[in-house]
Amino acid sequence: MQNTAITIRPMSAFTGAEISNVDLRQPLAEQTYLEIRKALNDWGVIFFRSQDLTPAQQLAFARRFGKAEADAHVSNMQGVDGIPEVKEVVREADHVRNIGGFWHMDQSFHPNPSCFSVLYARELPPVGGDTSFAHLSAAHDALSPGFRATLERLSCTHVRSHADSAAINPAASALSHEYYTESLKKFAGMEASHPVIATHPESSRKVLYFSPIYCDRFDGWTREESLPLMTHLTKVMTEPEHTCRFRWEEGSMAMWDNRAVVHYALDDYAGHRRLMHRITVEGPWLTPCSAAA
Ligand code: OGA
Ligand code: MN
């Protein structure tokens with residue numbers, strides 16, 4: 001029988017694990033699926049190497065974990081091979097925009113964000129283009145009990161268009177003001193409020209659900225009042241000890257849980273093409289702390 005003896009190797013103390021001895025073209029035995037799902041719960045993001053997958057095989061793997069999203073949240077990306085669930089995340093050699101080049105969880109500006117993201121590397125620059133991840137429970141657990149109690153009463157509004165604003169997102173500084181103006185129009189009203197502290201439905205761990213760029217303000221606070229606290233939460237969230245960094249090879253695949261980690265696509269390979277295939281999967285959302293506004 002295939003795929004019955006996987007190996008799980010953590011990447012750091014809190015975040016990420018690499019899984020080997022598995023061929024994702026083959027259906028997963030139930031026990032193997034459960035072990036992979038547990039690794040995802042334990043580490044927030046898992047990595048596979050040397051896989052040789054068609055878009056349909058990537059989709060079959062993703063579907064073991066839930067319903068793949070066809071377009072609701074990700075309509076600005078093209079479907080691959082006529083499969084709407086498989087999106088191209090591409091950066092051409094002359095593109096200035098680096099998709100995901102800031103700490104974020106996917107689609108937090110929606111009321112029902114994607115649960116899992118499954119990203120497969122097709123074409124990579126010779127060096128660079130790594131992705132970093134940071135665990136939201138590690139960040140939560142690093143906060144003092146008194147501070148956590150305060151944060152449990154807060155919710156935060158996440159706004160899509162912030163990612164394209166040079167004033168808010170340093171990674172957007174190469175984008176023109178016109179691009180931001182267009183983005184404001186296109187994504188008008190695309191925002192959602194989420195509790196700052198919530199409980200993960202599978203691991204039962206608490207998470208700091210916060211996005212340094214998408215978060216606009218704590219609800220009921222002004223942006224000016226919110227900024228100092230947001231700066232502090234960003235620092236805690238991205239402490240090097242809370243992160244891991246994945247160096248892609250062609251055929252690598254990452255699967256992360258947007259309820260448990262934030263991620264960051266490094267922008268250090270100008271002049272080269274990078275092509276990834278991404279699938280997002282629905283799932284049960286975080287449970288709010290009852291005290292949240
Ligand atoms: C994404 C994303 C990171 C990367 O696909 O949501 O942020 O490294 N990608 O491509
Ligand atoms: Mn992303």
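1. Arg 122 sits in strand E6, which covers residues 116-123. The model is predicted, and the remarks below should be read with that in mind.

2. Arg 122 is partly exposed because its relative accessible area, 27%, falls between the 20% limit for buried and the 50% limit for exposed residues.

3. Leaving aside residues up to four places away in sequence, Arg 122 touches Leu 53, Thr 54, Pro 55, Glu 250, Leu 275, Met 276 and His 277. With one of these, His 277, there is a side-chain to side-chain polar contact at 3.0 Å. Arg 122 and Ser 252 are 130 residues apart in sequence, yet their C-alpha atoms are 8.3 Å apart.

4. A polar side-chain atom of Arg 278 is 2.4 Å from a ligand oxygen. For Asp 106, the distance from a side-chain N or O atom to an oxygen of ligand 1 is 3.0 Å, and for His 104 the corresponding distance is 3.2 Å. The protein buries 99% of the 280 Å² that ligand 1 exposes when taken alone.

Technical notes: Residues are numbered from 1 along each chain as its sequence is written. Chains are lettered from A and ligands numbered from 1 in the order in which they are written. This is a predicted model: local features need pLDDT of at least 70, side-chain atom pairs count only at pLDDT 80 or more; totals for chains, interfaces and linings use all residues. Side-chain values use heavy atoms; hydrogens and water are left out. A polar contact is a pair of N or O atoms within 3.5 Å; within protein, one must be able to donate a hydrogen and the other to accept it, and residues adjacent in sequence count only if both atoms are side-chain atoms. Accessible areas come from the Shrake-Rupley method with a 1.4 Å probe; for residues, only the protein chains shown count as cover. Helices (H or I, at least four residues) and strands (E, at least two) are DSSP runs, numbered from the N terminus. Buried means under 20% relative accessible area, exposed over 50%, partly exposed in between (1.4 Å probe, protein chains only). Contact means heavy atoms within 4.5 Å.
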